[in-house]
Amino acid sequence: FHSDIVQMVPQLVSALIYVYKKIRSTLLPTPQSPQLLFTTHDLSKAFSGFIRIHPRDFPSKDCIIHLMSHELFRVFCDRCLTPERDMFVEILSDSMRICFQKSVTPDNIKKELFLYEEFSKPGKKYTPVSKVKGLKKYFEKLQYQWNSTENKNIHLKFFPLACEHVVRAVRVLQQ
């Protein structure tokens, strides 16, 4: 990795731990939301995304911060309902301000697409998804291939949120 990125590792670790601790103290499990029980295992899952990357695909600090945001969304925010998601976004915004001196508003975080995948092209590395439209076309192509080779056709609609969920499900199944 470039020396700038190597030097930001302590900040990165601090940001991940900051978010983990804030989430554990803020988003507490209840009988209605037991999925909000977070452990250090979840923190290790957030770190695991960094093992999947190749230095040439992440040349800048902003790329690494974007990946960190994706991993935190994947591990923590995917379990949250709308009110908890808003709290998570606030915590993530705070972590960027405190750990990286980056002023990112919660509204800007909500607009950003934090999604990475490595399955759409052979030999592809863990890279960001720039547009969900590309995923939609890829999934539709797979569905067409399936329907042309199998006796039972499937007819799925790949709307943006469905595509995001498929990407996340693939990542879980790969672990």
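Start by selecting Gln101, which sits in the loop between α5 and α6 (106-111). Keep in mind as you look around that this is a predicted model. Check the backbone at this stop: Gln101 is not a glycine, yet its phi is positive, about 55°. For background, most residues other than glycine have a negative phi. Is Gln101 buried or exposed? Its relative accessibility is 59%, and exposed means over 50%, so Gln101 counts as exposed.

Next, go to the largest nonpolar core, which has 39 residues. Select Met68, Leu72 and Phe88 here, as these touch the most other members. Which elements give two or more residues to this core? Colour α2 (9-26), α3 (40-48), α4 (61-75) and α5 (82-100) to see them.

Stay with Met68 for a moment and show what surrounds it. Setting aside neighbours within four places in sequence, you will find Met68 in contact with Leu12, Ala15, Leu16, Phe50, Leu92 and Phe100.

For the last stop, pick Asn153, in the loop between α7 (132-149) and α8 (160-174). Asn153 has a relative accessible area of 46%, so it counts as partly exposed.

Technical notes
Residues numbered from 1 in each chain as written. Predicted model: local features only at pLDDT ≥ 70, side-chain atom pairs only at ≥ 80, totals over all residues. Heavy atoms only, no water. Core = buried A, V, L, I, M, F, W, Y, C linked by side-chain atoms within 4.5 Å. Buried < 20%, exposed > 50% of the residue type's maximum accessible area, 1.4 Å probe, protein only. Helix = DSSP H or I, 4+ residues; strand = E, 2+ residues; numbered from the N terminus. Contact = heavy atoms within 4.5 Å.
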